[in-house]
Amino acid sequence: MTAVVFDIGNVLLGWDPEAMYDARIGPDARRRFFSEVPIHAANVAMDAGAPFLATLDALAENHPQWRREIGWWRDDWIETLQPVIPQSVALLRALRKRGVPVFALTNFGAETFELARADYPFLDEFDRAWVSGRMGVMKPDPAIYAAVEADSGLPPGQLLFTDDRAENIAAAAARGWRTHLFDGPEGWAARLVAEGFLTAQEAAP
């Protein structure tokens with residue numbers, strides 16, 4: 001049995017927090033905000049298991065001049081996660097219809113993943129989802145791939161993994177996973193057809 005493993009951010013859903021801030025305060029102020037406030041570092045910490053509200057509250061205390069903007073990350077975070085990539089969702093569903101085990105392996109905060117599930121129900125359609133914020137370890141740490149192997153009971157060569165980040169793909173490949181660097185759903189669809197998981201008709205947009 002071979003399973004297909006999807007990343008989520010920029011594979012099934014876009015991830016563009018800068019766009020939300022550009023729409024609210026304009027590019028110049030947005031650039032100042034992201035240069036003065038380590039909001040992306042805070043997000044990485046949350047992806048590694050740090051609590052969502054406490055992390056952002058601490059950031060606001062340290063950067064009171066940006067309290068409003070940090071609050072947007074807290075209150076309107078779901079707006080950073082868009083748009084849906086429809087063909088990728090269709091590929092997930094086509095694989096499930098064919099009876100192929102489909103997993104998610106994603107760097108995502110535990111709490112933000114729950115927010116995403118509420119707005120994007122297709123995130124509940126995976127057979128299994130490994131979420132870094134729940135696990136306390138992130139890609140590309142080899143430990144997260146080892147956990148998937150152990151939990152799924154599948155050897156590396158029976159896992160086909162797509163992710164948009166080369167370092168995550170390289171770490172999986174180093175363990176013997178089959179990999180595909182995601183640069184759009186068309187290429188991913190072609191790979192699934194080439195591997196025999198789907199027919200060209202099933203993979204078509």
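**Exercise 1.** How are helix 2 and helix 3 oriented to each other: roughly parallel or roughly antiparallel?

*Conventions.* The model is predicted: local features need pLDDT of at least 70, side-chain atom pairs count only at pLDDT 80 or more, and totals for chains, interfaces and linings use all residues. Residues are numbered from 1 along each chain as its sequence is written, and side-chain values use heavy atoms, without hydrogens and water.

*Solution.*
1. Helices are DSSP runs (H or I, at least four residues), and strands likewise (E, at least two), numbered from the N terminus.
2. The axes of helix 2 (residues 39-47) and helix 3 (residues 52-62) cross at roughly 155° and come within 10 Å. Axes are lines fitted to C-alpha atoms, for helices over the stretch in contact, with angles from 0 to 180 degrees between N-to-C directions.
3. Angles over 145 degrees count as roughly antiparallel, under 35 as roughly parallel, 65 to 115 as roughly perpendicular and the rest as oblique. Helix 2 and helix 3 are therefore roughly antiparallel.

**Exercise 2.** Which residues of helix 2 meet which residues of helix 3?

*Solution.* Ile39, Ala42 and Met46 of helix 2 meet Phe52, Thr55, Leu56 and Leu59 of helix 3, contact being heavy atoms within 4.5 Å.

**Exercise 3.** What is the strand order of the open sheet?

*Solution.*
1. The order of the five strands is 3-2-1-4-5, with parallel pairing; a pair needs at least two DSSP bridges.
2. Strand 3 (128-131) and strand 5 (178-181) are the edge strands, each pairing on one side only.
3. From one strand to the next, the twist averages 20°.
4. Strand 2 (residues 102-106) pairs with strand 3 over four bridges, and Thr106 stands opposite Val131 in strand 3.
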